[in-house]
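Have the sequence and the 3D view open as you read.

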Amino acid sequence: MQFVSTRGQSPAVGLSAAIAAGLAPDGGLYVPSALPAPHHVQQGETVAETAADLLAPFFDGDALQEALPSICREALDFPVPLRPLGGGDYVLELFHGPTAAFKDIGARFLAGALSRLQAGKGRDLTIVVATSGDTGAAVAAAFHRQPGVRVVVLYPDGRVSPRQAHQLGCFGDNIQALRVAGSFDDCQAMVKQALADRALQADVPLSSANSISLGRLLPQMSYYAHAALVHHGQHRRRLNLVVPTGNLGNAMAAVLARTLGVPIGQIVLATNANDVLPKYFEGGAYQPQASVATVANAMDVGAPSNFERLRWLYDGDDAELRAALRAFAVDDVTIRATIASAHASGGELFCPHTATAVKVLKDLRAGGAKGDWAVVATAHPAKFEAVVEPLIGEAVPVPPALAALLQRPAHAEPLAADYAALREVLLR
Ligand SMILES: *Cc1c(COP(=O)(O)O)cnc(C)c1O
């Protein structure tokens, strides 16, 4: 299969080239030149097997085609349960990977793909990544000690949780953490500048691992496909989803999976106070804005980068796009209240991001929504203990993989929110 840019000004490339490049040369995002036919995945498969089936058409004819099943097996070797909450509500838990957030799945798949493409190349590849908290740790964990790859992670100093910061700085070896005196949007802009800097890349081959990367987007379809297919097999009903949304990578994967014929019903986006998407879906113009800091910090995004892909999927037709999705914003006070009441009434523990979706589903049910609905749990609450613990009045048990990372010493280098400073680090 060939991949083209959302902006239409770059030549079509194969999958490996699209994954290696990250962003297309014209600044657009890579998308398939045509969507594969609706897909019928078998019942009784593991998530990794569903992933390999669903992704096979995208890898057709590519250098990575043969390796696809093993890349899927390596990336998806932990459970992704759809846990019933009662009354037709479910929680799709995506946080059982090494850094306790859904980003482990895309990052590990990307690492499997890039390390295979990198094998035998003379020069090291530098992965430069901006993170609002969870991406950086997932990417660092996925690439840690992979030969031929260096990872440089930029995060907004003081705007990630203490445990997130610790995770980012705890790897060492081929992983370098930079704490930037600025916002996530500043970090993202600096990374984009580096990726567009041809002179720099003559000396330092670069790639990205942000949520624009096809190598992250495509595998994220697999957990939706697996959950919805198993659910449909058991209940003969489509699974509706509420997806906590920042850069729109996770939700875009759900929309793409539904387009490919996976039995997903409605898809509703939940954001924090960064409400660019709710405003658009209510009928306003798409108006990126500066991000504001919230307790759901991994969703503090003012210009969701995958929006361009969503528009592409609906041929730029705003009316059709608005008919396909809805979006609702949840403010910090309500996020906190949702975490507290879910714990008080049912003993449930949710991270602040997941809580946005829990609240949105509660409102949908109050408004008469029928059918089976899953909130997508994007991170383990133990990653955000500084928010969650005061609300519930007790400690959140730390999963073993996270505990192991927190035991390592951590170090991050301070950096000005200035491209020249980043360039210098990359040239080192
Ligand atoms: C990254 C992240 C999100 C947002 O996902 P997008 O793909 O950027 O929309 C939500 N929750 C958590 C915990 C995250 O780490």
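What follows looks at the sheet, then its helices, then a valine in a loop and some cysteines.

A word on ground rules: this is a predicted model, where local features need pLDDT of at least 70, side-chain atom pairs count only at pLDDT 80 or more, and totals for chains, interfaces and linings use all residues. Residues are numbered from 1 along each chain as its sequence is written, and side-chain values use heavy atoms, with hydrogens and water left out.

**The sheet**

Helices (H or I, at least four residues) and strands (E, at least two) are DSSP runs, numbered from the N terminus. Two strands pair if DSSP finds at least two bridges between them. On that basis there's an open sheet of 5 strands, ordered β9-β6-β7-β8-β14 with parallel pairing. β9 (206-208) and β14 (413-416) sit at the edges with a single partner strand each, so one side of each has no neighbour in the sheet. Ignoring direction, neighbouring strands are turned by 30 degrees against each other on average.

β6 (residues 125-130) pairs in parallel with β9 over 3 bridges, and 6 bridges join β6 to β7, also parallel. Here are some residue partners:

| Residue | Partner | Partner strand |
|---|---|---|
| T126 | L206 | β9 |
| V129 | V153 | β7 |

From β6 the chain passes through α5 to β7 in a right-handed β-α-β crossover (clockwise from the first strand over the helix to the second, with the strands pointing away from the viewer).

How many residues of β6 are buried? 6 of its 6 are, where buried means under 20% relative accessible area with a 1.4 Å probe, protein chains only. L125, I127 and V129 cover one side, while T126, V128 and A130 are buried on the other.

**Helices on the sheet**

Helix α5 (residues 134-143) lies across β6, β7 (149-156) and β8 (175-181), at about 160 degrees to β6. Helix α18 (residues 419-427) touches β6, β7, β8, β9 and β14, and its direction makes about 135 degrees with that of β14. Axes are lines fitted to C-alpha atoms, for helices over the stretch in contact, with angles from 0 to 180 degrees between N-to-C directions; contact means heavy atoms within 4.5 Å.

**A loop valine and the cysteines**

V295 is in the loop between α11 (276-281) and α12 (307-313). V295 is buried, at a relative accessible area of 10%. Leaving out residues up to four places away in sequence, V295 touches D332, I335, R336, P352 and V387.

With a disulfide taken as a pair of cysteine sulfur atoms within 2.5 Å, the count is 0. For C170, the nearest cysteine sulfur, that of C187, is 18 Å away. C170 is buried at 3% relative accessibility, and C72 is buried at 0%.

Key:
Buried means under 20% relative accessible area, exposed over 50%, partly exposed in between (1.4 Å probe, protein chains only).
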